[in-house]
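Here is a short briefing on a predicted model. Have the sequence and the structure open as you read.

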Amino acid sequence: MHELSLACSVLELVGSEMQRHGAGTLRSVEVTVGELSGVDSEAFAFSLQMVLDRSAYAGARVTLTRVSPRSLCTVCGADFEPTSFYIPCPQCGSHATRLVAGQEFRLSSLTVETDEDKP
């Protein structure tokens, strides 16, 4: 289950960013996951929530943004949603296509409450 190791890596990145920016209270972590990234988004979300809850960031909420795959045909310029990596262009049948979205996996944002934000 590589989703747990990915979650641990995201936790390390969160810790680095919190230190770099002077910290506060982490309220949420948003991660962008492409449908063709090879990451099981449900297992990853569960794993990330689990490691956050067992860290100094307990109580932070996990939000996933899922990205649907998009491909571009380099022959006819068609933009389409592929069902896998190696799908021909539905317009012209060419295999000269390029995946332009759907492989993402990135820490998108952190929501942090600072002392100034508290009532």
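Serine 71 has phenylalanine 80 of E4 as its bridge partner. Serine 71 itself sits in strand E3, which covers residues 70-73.

- E3 and E4 run antiparallel and are joined by two bridges.
- The open sheet has three strands, ordered E4-E3-E5, with antiparallel pairing.
- Strand E4 (79-80) and strand E5 (97-101) are the edge strands. Each has a single partner strand, so one side of each has no neighbour in the sheet.
- Serine 71 is buried, because its relative accessibility is 3%, under the 20% cut-off.
- Beyond its neighbours within four places in sequence, serine 71 contacts Ala78, Asp79, Phe80, Pro82, Arg98, Leu99 and Val100.

**Cysteines**
- How many disulfides does a search of the whole structure find? The search finds zero.
- For cysteine 89, the closest cysteine sulfur belongs to cysteine 76, at 3.7 Å.
- Cysteine 92 is in no disulfide either; its nearest cysteine sulfur, in cysteine 73, is 3.7 Å away.
- Is cysteine 89 buried or exposed? Cysteine 89 counts as buried, at 3% relative accessibility.
- Cysteine 92 is partly exposed, with a relative accessible area of 40%.

**Nonpolar core**
- In soluble globular proteins, nonpolar side chains tend to be buried together.
- The largest nonpolar core here holds 19 residues. Leu26, Val29, Val31, Phe44, Leu48 and Leu52 have the most contacts inside it.
- At least two core residues come from each of helix H1 (2-20), strand E1 (25-34), helix H2 (41-53) and strand E2 (61-67).
- Valine 31, leaving aside neighbours within four places in sequence, has contacts that include Val10, Phe44, Leu48, Leu64 and Phe105.

**Aromatic pairs**
- The count of aromatic pairs is two.
- Phenylalanine 44 and phenylalanine 105 pair edge-to-face, 5.2 Å centre to centre, with 80 degrees between the planes.
- Phenylalanine 44 is in helix H2 and phenylalanine 105 in strand E6 (residues 105-113), so this pair ties together parts 61 residues apart in sequence.
- Phenylalanine 44 is buried at 0% relative accessibility, whereas phenylalanine 105 is partly exposed at 30%.
- Phenylalanine 85 and tyrosine 86 form a tilted pair, 6.2 Å centre to centre and 50 degrees between the planes.
- Phenylalanine 85 is partly exposed, with a relative accessible area of 41%. Tyrosine 86 counts as exposed, at 75% relative accessibility.

Key: Residues numbered from 1 in each chain as written. Predicted model: local features only at pLDDT ≥ 70, side-chain atom pairs only at ≥ 80, totals over all residues. Heavy atoms only, no water. Core = buried A, V, L, I, M, F, W, Y, C linked by side-chain atoms within 4.5 Å. Buried < 20%, exposed > 50% of the residue type's maximum accessible area, 1.4 Å probe, protein only. Helix = DSSP H or I, 4+ residues; strand = E, 2+ residues; numbered from the N terminus. Contact = heavy atoms within 4.5 Å. Disulfide = S-S within 2.5 Å. Pairing = 2+ DSSP bridges. Phe/Tyr/Trp six-rings, centres within 6.5 Å; stacked < 30°, edge-to-face > 60°.
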